[in-house]
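My plan is to start with the whole and then go down to single residues.

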Amino acid sequence: MPAEIEKKIYQWNLEYTEGKLSLTEFLSKVPQQLQRFFMFGIPTYNNLGDQMIGFAQRLFFRRNFPQLLYVEITEPQTDAAIAELKQQLRASDMFGFIGGGNIGSFYLNHERARRKVFATFVDNLTISFPQSVNFDETTRQGQKELGLSQDAYGKNPNLTLCARETQTFRRFQKYFDNDVLFTGDMVLSLDPLPGQGDREGVLMIMRHDDEKVTGDDLLAQLTKELADSGYTVHQTDTVVPFKAEDGQEENSAKEPLRLNERWQLFSHKLDEIRASKVVITDRLHGMIFSVITQTPVLVFDNSYGKASTSYDNWFADLNYVKQTDDTSPENVLQSVKELESIKRVDPLAFDHSYDALKNLINSHLV
């Protein structure tokens, strides 16, 4: 696709996501011979992990499928986009729902939108991009939500689910009759982005939501232990505090996060990580951001195991990544010292993990 056309398409897509164009108006402007891929669920809230999944997916298509018209549809636009597309659907159209960690009964705003997409475009290739799943089968509500998702997913014989760790892969196979692929988190498809300058201190990237398992008292103890040993300790998170929170995009005094803001905010967060000798985190994307910047990182788990399972699947062979369940301040300090002493980090090699996904899309090109 010529660069000038690609630039215009991106601008029209941006205008569509900001409500300046309808989807129909946007599609009327693009070359009509292009085969189309519609990516639903693009976030407008302040979680940089989810934002960078969306950004990485766009680059993935640009790099591997430049012949496709790749259309980003934000989650708040789900209902209107479905209504418009049903009126102009093509047999060659392909559909996706963004990757992340929100399939299940925990983040129902995302799961309900996902069900609508999967249950609508049942005659077209549909892909759930790399996800983690968490249905709480110990409660009636969790069982009910699982049943609703099974009904919706089961309506689509052309749906493929991508699991980003083996725990989810097994659960997908248990819960659903759809095809399942094992694929890395989409942020890992980005090129390595290591820092060049000096590093200093320890950066803690810790959750402040219902997935956290490390309490505030423990964090205070760890911070004191590190500070008493001479480390400068900084605190941060992978959410942007001045943007609307998940589920509050339309009911908040804070503005939603726009597509053209993703890279700048992401770059700023990477600069924080690259400036640190060691990162301590319980966020999956705290670990992933550390990996792609080649920053030594100590990883605690989240509430349902996606961080530790992802470590086992993808990062256990990297010498600068360590996962632990040991919360003893003294042992955490020892782990930080060991990570700090690493002189040369192992190289990254994740491209192969997307081969099955690429093959699936290639098989539906016209």
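These are my entries, in the order I looked things up.

**Entry 1: the whole chain**

I note first that this is a predicted model. I counted the elements: the protein has 13 helices and 12 strands. Next I looked up its extent. The C-alpha trace spans about 65 × 50 × 45 Å along the principal axes.

Does the radius of gyration agree with a compact globule, or disagree? For 366 residues, such a globule would have a value near 21 Å, and the protein has 21 Å, so the two agree.

I then checked burial. Of the 366 residues, 56% count as buried. The protein exposes about 15,700 Å². Carbon and sulfur atoms supply 47% of that area.

I also looked at contacts between residues at least 6 apart in sequence. Of these, 76% join residues at least 24 apart.

**Entry 2: the nonpolar cores**

I kept a general point in mind: in soluble globular proteins, nonpolar side chains tend to be buried together.

Which residues touch the most other members of the largest nonpolar core? I found Phe40, Phe61, Phe315, Val321 and Ile361, in a core of 92 residues. Helix α3 (residues 48–64) gives the largest share of this core, with eight residues. There is also a second, separate core of 17 residues. Its members include Met204, Phe300, Val336 and Leu339.

Leaving out residues up to four places away in sequence, Val321 touches Met287, Val291, Val297, Val299, Tyr311, Phe315 and Leu339.

I moved on to strand β10 (residues 278–281). Val278 and Ile280 point one way from this strand. Val279 and Thr281 point the other way. Are these four residues buried or exposed? All are buried.

I looked up the pairing next. Strand β8 (residues 202–205) pairs with β10 in the parallel sense, over four bridges.

**Entry 3: helix α10**

I stayed with that helix. Why is α10 (residues 284–292) called largely enclosed? Nine of its nine residues are buried, so the rest of the structure largely encloses it. I listed them: Leu284, His285, Gly286, Met287, Ile288, Phe289, Ser290, Val291 and Ile292.

I picked Phe289, which lies in α10. Its relative accessible area is 0%. Buried means under 20%, so Phe289 is buried.

What does Phe289 contact beyond its neighbours within four places in sequence? I found Leu48, Gly49, Met52, Val187, Thr238, Phe266, Lys269, Leu270 and Ile273. I also checked Phe289 against Asp191: they are 98 residues apart in sequence and 11 Å apart in space, C-alpha to C-alpha.

Gln294 is in the loop between α10 and β11 (297–299). Its phi is near 55°, a positive value in a residue other than glycine.

**Entry 4: helix α11**

I compared notes with helix α11 (residues 306–315). Eight of its 10 residues are buried, so this helix too is largely enclosed by the rest of the structure. The buried ones are Lys306, Ala307, Ser308, Thr309, Ser310, Tyr311, Trp314 and Phe315.

I looked up β6 (residues 159–163) and β7 (residues 179–182). These strands pair in the parallel sense over four bridges. Cys162 has Leu181 in β7 as its bridge partner. With helix α7 (residues 166–175), β6 and β7 make a right-handed β-α-β unit.

**Entry 5: a loop residue**

My last stop was Asn47. Where is Asn47 found? I located this residue in the loop between β1 (36–42) and α3. At 17% relative accessibility, Asn47 counts as buried, because the cut-off is under 20%.

Leaving aside neighbours within four places in sequence, Asn47 is in contact with Thr238, Val239 and Arg283. I also checked Asn47 against Val332, 285 residues apart along the chain. Their C-alpha atoms are separated by 27 Å.

Terms used: Residues numbered from 1 in each chain as written. Predicted model: local features only at pLDDT ≥ 70, side-chain atom pairs only at ≥ 80, totals over all residues. Heavy atoms only, no water. Core = buried A, V, L, I, M, F, W, Y, C linked by side-chain atoms within 4.5 Å. Buried < 20%, exposed > 50% of the residue type's maximum accessible area, 1.4 Å probe, protein only. Helix = DSSP H or I, 4+ residues; strand = E, 2+ residues; numbered from the N terminus. Contact = heavy atoms within 4.5 Å. Pairing = 2+ DSSP bridges. Right-handed = clockwise from strand over helix to strand, strands pointing away. Rg over C-alpha atoms; globule rule 2.2 N^0.38 Å. Areas by Shrake-Rupley, 256 points an atom, 1.4 Å probe, with all protein chains shown as cover.
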